[in-house]
Amino acid sequence: MTQQRVESTRRALLPAVTVVEITDPTAADEGIEVLTRDLVQLETKPLRARQLILRLEDSLVLFQSTNLRIRTRTTLHNGLLAYVVFGPRAKGTVNGLPIRPTLMLAAESGSQVEFVVKGGYESFSVLFSPAVLASHLIARQREPDLHAPHGIEVLHTNEINARRLFDWGKRLTSTAAHHPEMFNDRKEILVSVQTELLEMLLGALDTTTAPPHTRNRQTRQARNHVVKLAEDYALAHIGDRIYVTDLCLATGVSERTLEYAFQAVMGMSPVAYLTRLRLHRVRRALRMATYGTTTVSAQALSWGFWHFGDFSRAYKDCFGELPSETLRRKPAETSSNPKAI
C-alpha cells in the first residue's frame, strides 16, 4: 500500500471536523496529526488559542487564532505541502519577516517555521500532498508546472486574492464548526469543497512573486537566526547555568547585538525569554508525568532552576498555578481540548 493510500485510510477513520481549544501552551500540538508545534506563551495572561480542522477528501484545512503574543516552532509532516495566508489584523513575524496581508507562506514536508505573533492573530492553512495539486492541474488541462516549495518560502501575492482565500477559509471552517453534519460522511461535499479550495489557492499562487532581498529583510532574518541559535543552545544545555556570555559565544555576536535581536524578535531580553522557555519545559514534564514518578524539585533542577522559591513564583506568574498543582492533576486535565464534532 502506498504512503498516500495509508494516509487516506487513516484520514477516513478521523472525523471531518475537529475543534481544539488551547489553554495550555504545552499542549499546543495535540489534536492535529500532521503538525508538531512547540509553543511558548510570551504574555502572563490566560491563553485562549483555537484551531479548527476540516479534513477534506485528500487535503486538510486549518484555521488558527490566538489572544496572546506567542512564539511557535511548527514542523510539517506526512509528505504534505502547506500554504498559509494571514488575517487582516495578524501582526508578528514568520522566520523573522513581518506578516502582512500580501504575504503567503509555502512549506514542504519536514520544514520548520518560526512564528512570533501578537494577540488577534488569525491564519488559514491549506495542506495536501503534491500529487493532489498535480491531479487537479491535469484535470484543468493545465500542465502541472506549478512551483512546489523547497523548504520554507515567503512569497508576496495579490492582496485581493490573498484576502479572498483567507475570508473563504474562515467562513468554511466556521461553518464546519457550527454545522459538522454538513461534512461528516459526506464525500460529495468534501470533494466539491476541495475543488473550490484548490481553485482559490491557485488564484492566489498565480500572482505570487519572490520578495526582494533588501538590506532590511536580511537584517530581520539575521536577528531571527541569532535568536534561534541561542534558543537551540539553551535547549541543548538544559541543566546548566547559562549566562549571556555563553549565548554570545554560541551565536558569535556581541552582548549588545544579542540583546537587540531578542528585543526585536521576542519583545524581551534573552534571559527573560529563556527563563520562560525553561518554565514551559518544566510544565510539559510535570503534566505528562504520572503522579509519584517525579517531583517538582527534580524537574526544576533538571531545567536549571536552583532557587525553588523563585522558581515557584515565576511558574505561578506564567501559568496561574503552582507547579505542585500541575503535577497533582491528571495529564488529560491540563491538555488542550480537542473536540471532534
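Predicted model: local features only at pLDDT ≥ 70, side-chain atom pairs only at ≥ 80, totals over all residues.
Five strands form an open sheet. Their order is β2-β5-β10-β7-β8, and the pairing is antiparallel. Strands β2 (35-41) and β8 (97-98) are the edges, each pairing on one side only. Thr93 stands opposite Pro98 of β8. Helix α8 (residues 270-288) lies across β2 and β5 (70-76). The helix runs at about 125 degrees to β2.

Two further helices meet elsewhere in the chain. The axes of α2 (residues 130-139) and α4 (residues 187-205) come within 11 Å. They cross at roughly 90 degrees, so α2 is roughly perpendicular to α4. Helix α2 makes the contact through Val132, Leu133, His136 and Leu137. Helix α4 contributes Gln194, Thr195, Leu198, Glu199 and Leu202. By class, five of the contact residues are nonpolar, three are polar and one is charged.

The largest nonpolar core holds 37 residues. Within this core, Leu54, Phe124, Phe128, Leu165 and Phe183 touch the most other members. Helix α4 gives the most to the core, with nine residues. Contacts of Leu165 were listed without residues up to four places away in sequence. On that basis, Leu165 touches Val85, Met104, Phe124, Leu197, Met200, Leu201 and Ala204. Another core, of 31 residues, lies apart from the largest one. Among its members are Leu62, Val84, Leu97 and Val117.

Notes: Residues numbered from 1 in each chain as written. Heavy atoms only, no water. Axes fitted to C-alpha atoms, helices over the stretch in contact; angles between N-to-C directions. Helix = DSSP H or I, 4+ residues; strand = E, 2+ residues; numbered from the N terminus. Parallel < 35°, antiparallel > 145°, perpendicular 65-115°, else oblique. Contact = heavy atoms within 4.5 Å. Nonpolar A, V, L, I, M, F, W, Y, C, P; charged D, E, K, R; others polar. Core = buried A, V, L, I, M, F, W, Y, C linked by side-chain atoms within 4.5 Å. Buried < 20%, exposed > 50% of the residue type's maximum accessible area, 1.4 Å probe, protein only. Pairing = 2+ DSSP bridges.
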